[in-house]
Amino acid sequence: MTDHRIALIPGDGIGVEVLPPATAVLDRVGARHGLTFTYDEFDWSCERYLNEGAMMPDDGLDRIRHHDAILLGAVGWPGVPDHISLWGLLIPIRRQFDQYVNLRPIKVMPGVPSPLRAAVPGLEFVVVRENVEGEYSEVGGRFRRGFPDEMAVQESVFTRPGVNRILDYAFELATTRRGVLTSATKSNGIVHTMPFWDELVAEAGERHPSVSWHQEHIDALVAKIVLDPARYDVIVGSNLFGDILSDLAAAVAGSIGIAPAGNLNPERTYPSMFEPVHGSAPDIAGRGVANPLGAIWSAAMMLDHLGHPEAAAEVVAAMADVLGNTPVRTADLGGTADTATFTRTLLDRL
Ligand code: NAD
Ligand code: IPM
Ligand code: MN
């Protein structure tokens, strides 16, 4: 028996609804693979912020530092400004635990029509998002607030080590897949950081001669993904470009409710965090109708990260089985099943 200690942070909105299905799946598949999971649940959320003035306690990060992994639902709720909730919980975890890789695979599942004519069943690609620097920075300042010519300035930060390590991760990943890589850039418009990014991509290309790579401007790239998604396999992008690309990719696969993410600290100095790409979905929260697949697939990525690729593959196969061979699906995929019914069906098939 191997036991893994997992920090659970359900967070807000449908985050609270999609984590129980994920842990139920972990327990079920774990039983067949000699794995048990000990969950420590943390109530860090907007509700906590409103009651106690902080999203998490001062020593919050110390409390989860020694867990094997973190499973998070979603953060953010109307009434608490997003920059307060996210910079009070999600972003500090990514940064303090140096989770500089945000790995976001997409796959057009059987039985789930892509809205794109050009997307064939089985189509898959992966967005590798830089996760701790770039456009998400605290550098810069606000000037002249309260005057007619007020303005806000925020600087993007791209460091050679920070860019090199995400590029090396993406190029290495490409060598294990189709050997092709696309870099998202905007060096025609963003005159300082993006030409530097391109230069480092070219150097990374020389370090990984077996990978055939090219770069595309982010505006043209998103259009081409819509028109011809099968061209792509590994797409690497900065923090903001990767964020936008991953919701687009999720929509290509039929619903943002399916898409998973792994916030990885590849050196394993700190725990990695797994979470669906979607947010707290206030428009459907509390009704028990959220699609739990994004959280379940994220839990499968966690299994893989913890060294259990067969168990992870069984979860993904069960997802494909339910979607491909039964009519059971949640409303975002055109079905009528609620979260609990869908989860029961998946557990039965596992
Ligand atoms: P969202 O992902 O919460 O919702 C976008 C749309 O997708 C909504 O119509 C929602 O109903 C639908 N949707 C999302 N997940 C779904 C699921 N599992 N099943 C069915 N439908 C689903 O994005 P938003 O509306 O921009 O953000 C809402 C809040 O969540 C904000 O506070 C935002 O900052 C936060 N957010 C948090 C994270 C995170 O914690 N990682 C990610 C994105 C957004
Ligand atoms: C995501 C989210 C977050 C991000 C927000 C909520 C800060 O959109 O995980 O994709 O931009 O990273
Ligand atoms: Mn996002």
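This section describes the sheet, the helix packing and the ligand shells of a predicted model.

The strands come first. An open sheet is built from 10 strands with mixed pairing. Their order is β2-β1-β3-β12-β11-β4-β5-β10-β8-β9. The edges are formed by β2 (35-41) and β9 (212-217). Each of these has a single partner strand, so one side of each is left without a neighbour in the sheet. From one strand to the next, the twist averages 25°. Strands of a sheet pair through backbone hydrogen bonds, in either a parallel or an antiparallel sense. Strand β4 (residues 101-107) and strand β5 (residues 124-130) take the antiparallel sense, over seven bridges. Within this pair, Leu 103 stands opposite Val 128 of β5.

Helix α9 lies across β3 (69-74), β11 (260-264) and β12 (272-276). The angle between α9 and β12 is about 155°.

Helix α9 (residues 293-305) also packs against helix α10 (residues 309-325). Their axes are 7 Å apart, at an angle of about 160°. Angles over 145 degrees count as roughly antiparallel, and α9 and α10 are therefore roughly antiparallel to each other. The crossing of α9 past α10 is left-handed. From α9, the contact draws on Leu 293, Ile 296, Trp 297, Ala 300, Met 301, Leu 303 and Asp 304. From α10, it draws on Pro 309, Ala 311, Ala 312, Val 315, Val 316 and Met 319. By class, this contact has 12 nonpolar residues, one charged residue and no polar residues.

Helix α10 has a further partner in helix α1 (residues 15-32). Here the axes are 10 Å apart and the packing angle is about 125°. That makes α1 oblique to α10. The crossing of these two helices is right-handed. Val 25, Val 29 and Gly 30 of α1 meet Ala 311, Glu 314 and Val 315 of α10. The contact divides into four nonpolar residues, one polar and one charged.

Another helix pair is formed by α5 (residues 160-175) and α6 (residues 193-207). Their axes come within 10 Å and cross at roughly 45°. The two helices are therefore oblique to each other. Their crossing is right-handed. On the α5 side, the contact is made by Arg 160, Val 163, Asn 164, Leu 167, Asp 168 and Phe 171. On the α6 side, it is made by Trp 197, Leu 200, Val 201 and Ala 204. Seven of the contact residues are nonpolar, one is polar and two are charged.

The ligand shells were examined next. Ligand 1 is surrounded by 21 residues. The closest are Gly 76, Gly 257, His 278, Gly 279 and Asn 291. Helix α4 (residues 82-96) supplies the largest share of this shell, three residues. By class, the shell around ligand 1 has 10 nonpolar, seven polar and four charged residues. Around ligand 2 stand Gly 76, Leu 86, Leu 90, Asp 243, Val 277 and Gly 279. Three residues of that shell are nonpolar, two are polar and one is charged. Gly 76 and Gly 279 belong to the shells of both ligands.

Notes. Residues numbered from 1 in each chain as written. Chains lettered and ligands numbered in written order. Predicted model: local features only at pLDDT ≥ 70, side-chain atom pairs only at ≥ 80, totals over all residues. Axes fitted to C-alpha atoms, helices over the stretch in contact; angles between N-to-C directions. Helix = DSSP H or I, 4+ residues; strand = E, 2+ residues; numbered from the N terminus. Parallel < 35°, antiparallel > 145°, perpendicular 65-115°, else oblique. Left-handed = near helix turned anticlockwise from the far one by under 90°. Contact = placed C-beta atoms within 7 Å. Nonpolar A, V, L, I, M, F, W, Y, C, P; charged D, E, K, R; others polar. Near = placed C-beta within 6 Å. Pairing = 2+ DSSP bridges.
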